[in-house]
Amino acid sequence: MGRLVVVSNRLADPRKAAAGGLAVALGESLQRTGGLWFGWSGHIAEPGEALTDEPEVTRWGKVSLAGLALSREDHDGYYLGYANKVLWPVFHYRLDLADFESGFLDRYKAVNQRFARALKPLLKDDDVLWIHDYHLIPLGAELRALGCKQRIGFFLHIPLPPPQLLSAMPGADWLLRMLFAYDLVGFQAQADVQHFARFGQAEGDVVPLPGDRYSGFGRVLKAQAFPIGMDVDEFRRLGEQREAVETFEQMRDQYSHRRVLIGADRLDYSKGLPQRFRAFKRLLDEYEDTRSSATLIQIAAPSREEVDAYADIRRELEGLTGAINGQYGTLDWVPIRYIHRALARKRMPGLCRAAKVALVTPLRDGMNLVAKEFVAAQDPEDPGVLVLSRFAGAAEQMKQAILVNPHDTQGTAAAIHRALQMPLEERRQRHAALLAGITEFDIHWWRRSYLAALEEAAP
């Protein structure tokens with residue numbers, strides 16, 4: 001394989017200690033072959049500031065990191081606008097929250113065209129391009145329009161909804177056509193591949209071919225599920241460091257007479273947090289043994305607070321927290337500890353290890369790596385229990401979790417109670433199976449399997 005070129009909306013920096021598993025895993029491949037990571041630098045140019053199509057390039061060993069600034073208009077229309085007020089809600093099954101009337105699509109197209117113009121001079125003939133996520137769906141087509149013949153793959157990190165929802169979005173047929181500029185399109189779950197195939201056949205005369213290939217718009221692409229994993233060994237090492245150990249010991253001492261349940265999410269309407277709080281209230285309503293015993297610690301990291309829907313959900317969660325704590329709290333017990341800020345990643349393994357139950361109950365999620373991190377952090381001799389939404393991409397792999405429908409308040413409450421009461425031997429068996437799965441299909445397996453499939457895809 002030639003040099004790897006990774007393109008993402010936000011330029012990641014694998015050199016930083018806070019870099020996520022994706023940045024580190026892709027950084028390894030980039031270093032191996034020599035490579036380039038291209039994306040938005042994070043800088044928003046102020047009015048009057050010069051803005052060029054020439055990215056700022058820095059070096060990291062064999063890797064070039066190329067960042068491009070955005071104007072305020074482009075950031076608001078492309079990123080906050082079309083990407084996060086149209087594609088994000090629609091792809092998470094929330095047509096009611098999508099804003100189709102604001103002309104964001106023009107900015108989305110313009111920024112992808114600008115990215116293509118800035119990237120093309122940096123490319124070599126034998127490069128292999130891997131483009132990431134919903135912000136950059138048309139980038140492959142824009143590069144093809146500029147004459148790029150390289151092998152190009154795309155990976156969608158969020159869910160793809162069924163045809164009935166996709167077809168309600170203006171321009172959905174255009175997005176489908178854009179995908180056919182790629183040689184390989186990767187999805188998180190097999191359900192997403194099925195939605196792609198059904199939508200293509202219904203809206204674009206796409207024809208399925210043998211070997212996960214599809215013909216349409218004069219091209220043939222390959223579409224497969226590549227469920228993203230985590231770096232299990234790295235997370236375990238993190239759990240042995242001082243910050244994680246301190247967090248575990250503090251939690252163990254502070255909640256020695258309680259059973260801790262945790263949730264750790266971005267504050268987003270796709271995560272099902274109000275439904276989770278209502279299910280926890282139902283748990284307290286119907287199971288007396290949980291009162292003064294079970295405590296839910298919910299981390300809800302701020303996310304896109306410029307968007308009205310996020311302010312609404314924050315107010316709703318604060319109201320639910322106050323109502324539940326007011327009804328059930330005692331002088332020495334607070335049922336819900338709601339924390340509206342991010343938890344340092346170094347402390348996450350300690351929090352996970354201290355919990356008896358993890359609630360990972362999104363209404364819709366591409367994968368959800370918190371579920372996998374919880375499993376990786378557990379003591380195999382006395383593991384906690386994962387309660388997982390069947391609507392998370394992770395549910396396709398993690399069938400030994402207790403799977404729930406987060407819209408079913410009663411059913412979710414009963415599942416949480418079952419998790420709290422689960423015998424040790426059953427917990428061990430479930431955990432062993434889950435740990436084996438996330439260890440085999442980790443972030444390195446994901447990277448290798450995707451790149452191998454891209455290498456095999458006929459350009």
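This is a predicted model: local features need pLDDT of at least 70, side-chain atom pairs count only at pLDDT 80 or more; totals for chains, interfaces and linings use all residues.
Residues are numbered from 1 along each chain as its sequence is written, and side-chain values use heavy atoms, with hydrogens and water left out.

Helices (H or I, at least four residues) and strands (E, at least two) are DSSP runs numbered from the N terminus, and two strands are said to pair if DSSP finds at least two bridges between them. Strands of a sheet pair through backbone hydrogen bonds, either parallel or antiparallel.

Ten strands make up an open sheet of mixed pairing, in the order S3-S4-S2-S1-S5-S6-S7-S10-S9-S8. Strand S3 (56-60) and strand S8 (207-209) stand at its edges with a single partner strand each, so one side of each is left without a neighbour in the sheet. Neighbouring strands of this sheet are turned by 25° against each other on average, direction ignored; here axes are lines fitted to C-alpha atoms, for helices over the stretch in contact, and angles run from 0 to 180 degrees between N-to-C directions.

Helix H7 (residues 190-203) lies across strand S7 (184-187), S8, S9 and strand S10 (219-225), and runs at about 150° to S10.

Six strands form an open sheet with parallel pairing, in the order S13-S12-S11-S14-S15-S16. Its edges are strand S13 (336-339) and strand S16 (402-404), each with a single partner strand, so one side of each lacks a neighbour in the sheet. The twist averages 20° from one strand to the next. Within this sheet, strand S14 (residues 357-360) and strand S15 (residues 385-389) pair in the parallel sense over four bridges, and the bridge partner of Val 360 is Leu 388 in S15. Helix H14 (residues 409-421) lies across strand S11 (259-266), strand S12 (294-301), S14, S15 and S16, running at about 170° to S16.

Finally, Thr 247 is found in helix H9 (residues 242-254). At 8% relative accessibility Thr 247 counts as buried, a term that means under 20% relative accessible area, with exposed over 50% and partly exposed in between (1.4 Å probe, protein chains only). Leaving aside neighbours within four places in sequence, Thr 247 is in contact with Arg 347, Gly 350 and Leu 351.

Methods
Contact means heavy atoms within 4.5 Å.
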